[in-house]
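Work through the two exercises below with the sequence and the model in view. Each task is followed by a solution that goes step by step.

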Amino acid sequence: QVQLVESGGDLVEAGGSLRLSCLVSGSAVSSSSMGWYRQAPGSKRVWVAGINSGGDTKYSGSVKGRFTVSRDNPKNTMYLQMNNMKPEDTAVYFCALASTKKTYWGQGTQVTVSS
């Protein structure tokens, strides 16, 4: 069974940096399309960044140039490096893995950016 476990959420100051991790079991990140999503209080969950099996990355306009998604295949882990963070980045961040049958989600990790 595929499981995703996130970590790294924290309180960070505006302009600071934070790295989130998504450890995957039951599937290889190297063979999967994966992504990061976030949900602010009272808002819908929105897509933030993605990486496909070939390593190509995409970003939403709100984070482009500030966030970087990557993966470490031997560790079977996906990362989201967040730089130049803004209070608007405050949200619960979720990682997701797309299989041919369904999409798997992590439990979410809280990121709070103070100003």
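A disulfide is here a pair of cysteine sulfur atoms within 2.5 Å. The structure is a predicted model, in which local features need pLDDT of at least 70, side-chain atom pairs count only at pLDDT 80 or more, and totals for chains, interfaces and linings use all residues. Residues are numbered from 1 along each chain as its sequence is written, and side-chain values use heavy atoms, with hydrogens and water left out.

**Exercise 1.** Find which cysteines form a disulfide, and describe their link.

Step one: the rule gives a count of one disulfide, formed by Cys22 and Cys95, whose sulfur atoms are 2.1 Å apart.
Step two: the pair links distant parts of the chain, 73 residues apart, with Cys22 in strand β3 (residues 18-25) and Cys95 in strand β9 (residues 91-98); strands are DSSP runs of E with at least two residues, numbered from the N terminus.
Step three: the link is right-handed, with 65° about the S-S bond, and both Cys22 and Cys95 are buried, meaning under 20% relative accessible area with a 1.4 Å probe, protein chains only.

**Exercise 2.** Work out the order of strands in the open sheet of four strands.

Step one: strands pair if DSSP finds at least two bridges between them, and six bridges join β7 (residues 67-72) to the antiparallel β8 (residues 77-82), while β3 and β8 also pair in the antiparallel sense over six bridges.
Step two: in β8, Gln81 stands opposite Thr68 and also opposite Arg19.
Step three: the order is β1-β3-β8-β7, and β1 (3-7) and β7 each have a single partner strand, so one side of each is left without a neighbour in the sheet.

Terms used: Buried < 20%, exposed > 50% of the residue type's maximum accessible area, 1.4 Å probe, protein only.
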